[in-house]
Amino acid sequence: MEDKPAVDLYLDLMKKVLTNNLFAREPDIENESELKFVQGFIKHYINGPAISMMPMARFDNLRSCIENVIADGVPGSLIETGVWRGGGTIFMRAILRAHGVTDRTVWVADSFEGLPTPDADKFPIEAEAHGKEVMRKTYNHFAVGIEEVQRNFAAFELLDDQVRFLKGWFKDTLPAAPTGPLAVMRLDGDYYQSTVDALSNLYERLSVGGYAIIDDYGEDIWTYCRRATDEFRQQHGIEEPMIRVDPMCYYWRRAR
Amino acid sequence: MTASEIQDGVAAIIREVLDNPTLVIDANTSAAQVERWDSLNHLNIVVAVEQKFAVKFKTVEIEKLRNVGELVALIERKLAVKG
């Protein structure tokens, strides 16, 4: 058996539990057919005990980004915008705990009542997806209440004063959110406007050396997330390369 | 494989997924006419069809289908391309 350090054992276990991969196997986003993946996604995440719907590769990416900013002394807190059952932010807090970091906060931003209704004139494919039966009945527009998310944090003994919640639509909560500098911003608001609201309110707070992770950058069937990101990067002269995590998730590290 | 054979195979999958062995299915049968044929079972049916006939569909292709006959025709076209 590999002699893993306790930190690795703890964080690997957290990753597997949060993603429902301890005794089950996540759907294969790289190799399965589109419909087979959706079927597996519903079974494994939506109807299963997973606390995050991120595949494990995205957890590895998140851990790598956070450990890099800790190692490099990049100042700032961590935020995820769009958290579903809270798994990504619970993992953020676990990483800080595992490394004994006490001077950074995990910010948990969500409406806690699901995705906002897209403007059908401006964003027709998002509006169409939003109204589909599977989105309404099976996904429930990804709505999870704040009490459930807090219970999930508490279940892992990670609900403490280093975790702060921002409840409401991003356009309302993010402008005045007292986050201070950010070292990692993980955007998972799915839609165009949610992505724009997060980038336009948070990117100026991202420290040089910090990371911007866009969970849905590769999605083009049901969201304009990529367009929102590309437009923002162009408008702000961001030339750092987008790095692929998997077919959907991309990130960049702020260089200036 | 003939259209009739494909339709028989599709009908068997639909009956199995919907757990309704006596369900009568023809080319005009649509999801709206059949109890329990909701979006989730529709997905289960189509994935089972992919596996049985060794074809792959895109979401946009599936969303356009109005009845069993159109699904059978789509499978026929995909099998023809495979040769």
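In the predicted model, strand β6 (residues 243-244) of chain A pairs with β7(A) in the antiparallel sense over two bridges; two strands count as paired if DSSP finds at least two bridges between them. Helices (H or I, at least four residues) and strands (E, at least two) are DSSP runs, numbered from the N terminus. The strands β6(A) and β7(A) form a hairpin, with five residues between them. Within this pairing A:Ile243 stands opposite A:Tyr251 in β7(A). A:Tyr251 in β7(A) also has A:Ile213 opposite. Strand β7 (residues 250-253) of chain A pairs in the antiparallel sense with strand β5 (residues 206-214) of chain A, over four bridges.

This is a predicted model, in which local features need pLDDT of at least 70 and side-chain atom pairs count only at pLDDT 80 or more, while totals for chains, interfaces and linings use all residues. Residues are numbered from 1 along each chain as its sequence is written, and chains are lettered from A and ligands numbered from 1 in the order in which they are written.

These strands of chain A belong to an open sheet of seven strands with mixed pairing, in the order β3-β2-β1-β4-β5-β7-β6. The edge strands are β3 (163-167) and β6 of chain A, each of which pairs on one side only. Strand β2 (residues 106-110) of chain A pairs with β3(A) in the parallel sense over five bridges. In that pair A:Asp110 stands opposite A:Lys167 in β3(A).

Two helices of chain A lie across strands of the sheet. Helix α4 (residues 87-98) of chain A lies across β1 (77-81), β2, β3 and β4 (182-187) of chain A and runs at about 175° to β2(A). Helix α9 (residues 192-202) of chain A lies across β1, β4 and β5 of chain A, at about 170° to β4(A). Axes are lines fitted to C-alpha atoms, for helices over the stretch in contact, and angles run from 0 to 180 degrees between N-to-C directions. Two residues are in contact if their C-beta atoms, placed from the backbone, lie within 7 Å.

Chain B contains four helices and zero strands, and its elements run α-α-α-α from the N terminus on. The radius of gyration of chain B (taken over C-alpha atoms) is 12 Å, close to the 12 Å that the globule rule gives for 83 residues, so chain B is as compact as a globular protein of that length. The globule rule is 2.2 Å times the number of residues to the power 0.38. Along its principal axes the C-alpha trace of chain B spans about 35 × 25 × 20 Å. Of its 83 residues, 22% count as buried, that is, with 20 or more other C-beta atoms within 10 Å of their own, the C-beta atoms being placed from the backbone. Among contacts in chain B between residues at least 6 apart in sequence, 62% join residues at least 24 apart.

The contact between the chains takes 13 residues from chain B and 11 residues from chain A. On the side of chain B that touches chain A, α2 (39-53) and α3 (59-64) of chain B each supply at least two residues. The largest share of that side, seven residues, comes from α2(B). The residues of that side divide into six nonpolar, three polar and four charged. Here Ala, Val, Leu, Ile, Met, Phe, Trp, Tyr, Cys and Pro count as nonpolar, Asp, Glu, Lys and Arg as charged, and the others, Gly among them, as polar.

The model scores ipTM 0.74 and pTM 0.90.

Definitions and conventions
Buried ≥ 20, exposed ≤ 12 C-beta atoms within 10 Å, placed from the backbone.
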